[in-house]
Amino acid sequence: MENYSIIIFILAIVIGLSAFADKAKLPYPILLVIVGIAIGFIPTMTEIQINPEIIFLIFLPPLLYDASFNISPKDFKTNLNTISTLAITLVFLTTFWIAVVAHYMIPNITWPLAFVLGAILSATDAVAAVSITKGLGISHKTITILEGESLINDASALVAYRFAVAAVMGSAFVIWKATLQFVFLLGGGFLVGMVIAKILAFILSKVHKNTNVTISFMLLMPFIAYLVAEQFHVSGVIAVVVSGLAIARFSKKIFPENLKNSSRSLWDIIIFLLNGLIFILIGLNFRYILKDIDNHMILPYIGYAFIITIVALLIRMVRVFLQKINLQKAFKKNRGGKRKVSEDALLDFNNSIILGWSGMRGIVSLAIAIGLPKFLEDSTPFPERNTIIFISVAVVLFTLIGQGLTLPWIVKRLNAKSEKEQKIE
């Protein structure tokens, strides 16, 4: 009962702070994280244990489904090259370079443990980026790429994480097996998502005149798609995304306008509350993660987390600008009078800076870190578990607060520069 009271209390704080953030023109995710940290240090505050499985089941499916349902399939396809580069290639690049830095910098971190840390911090959280940049006048293309990236990168990060943990447990890493499993996870997730979407489309075609029943089925769908995919040991993330994209196209054809509006209003409220809960929980858990670390190691670990944050940001920036150059080269090449890349897919300087700086980490990194096994197969404690969790949470906080607070300023400066250039022209 006490936990329920705390959750209600947190939801009230989320609503109140969001209203205050609007008035103060502050990004509400940042405010919620900071207030969460402050509340967590209240002596009488009860610890809320975050179960990683609950995070993946309760938070991930509706957030992914909402993003995939609202993304334009046409825009997604246009920017697929950039989205796949950020969501797959960049995730594995980030895992590798964070592992290299962690291995040589942090005491007692072996190569397998370094890759575990790299995998945990490899995926960005577009929920944070989109929430922070809302209302700042960012181009539709940039939002599409950020949301599209978040729809796929969690699957890539989870695959890297599974193999890294398996290596710590003693399994040998074999590249062809890893590649085969990655293809199986994505392909299986795609298949499950399509089947669930077909079944739901058939049901909705029969009941779409009943608003309450239709909306209820659509609310259940992301959870069903995720659970079925996980039951078959394929990617629940991809299953939810594919089903969301498919149902979005289907709903545009048969849903009346009043049903679309009712559904949209309900989803807006659910996503708002889930987002708020996520950010405040990240802050709340900092105190309880801090207590498992020796006092004399807190400052060094914070320093390591800061360096890893800079490394991750630099890797993302470099990869985004390389993608910008590659797209321009591909655009200039004609093949039989047909361009390989359309002009709409090109990135300009402003897009690239915003995409590069929007690499905040969030709830998925936190859930993966807390979900680390406590023991190895021989019942010995998982090595450096507390260290990995603490550094992961510190990086999440650095990116959310550091990049999150500066991102609106960067966007405004870039917009002002663009307006000035347009006037000169």
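Residues are numbered from 1 along each chain as its sequence is written. In this predicted model, local features need pLDDT of at least 70, side-chain atom pairs count only at pLDDT 80 or more, totals for chains, interfaces and linings use all residues, and side-chain values use heavy atoms, with hydrogens and water left out.

Trainee: How many salt bridges does the structure hold?

Mentor: A salt bridge is a side-chain nitrogen of Lys or Arg within 4 Å of a carboxyl oxygen of Asp or Glu. By that criterion, the number of salt bridges in the structure is three.

Trainee: Is Thr 124 buried or exposed?

Mentor: Buried means under 20% relative accessible area, exposed over 50%, and partly exposed in between (1.4 Å probe, protein chains only). Because its relative accessibility is 8%, Thr 124 counts as buried.

Trainee: Which side chain does a polar contact of 3.1 Å join to that of Thr 124?

Mentor: A polar contact is a pair of N or O atoms within 3.5 Å; within protein, one must be able to donate a hydrogen and the other to accept it, and residues adjacent in sequence count only if both atoms are side-chain atoms. The side chain of Asn 153 has such a contact with Thr 124 at 3.3 Å. The partner at 3.1 Å is Glu 149.
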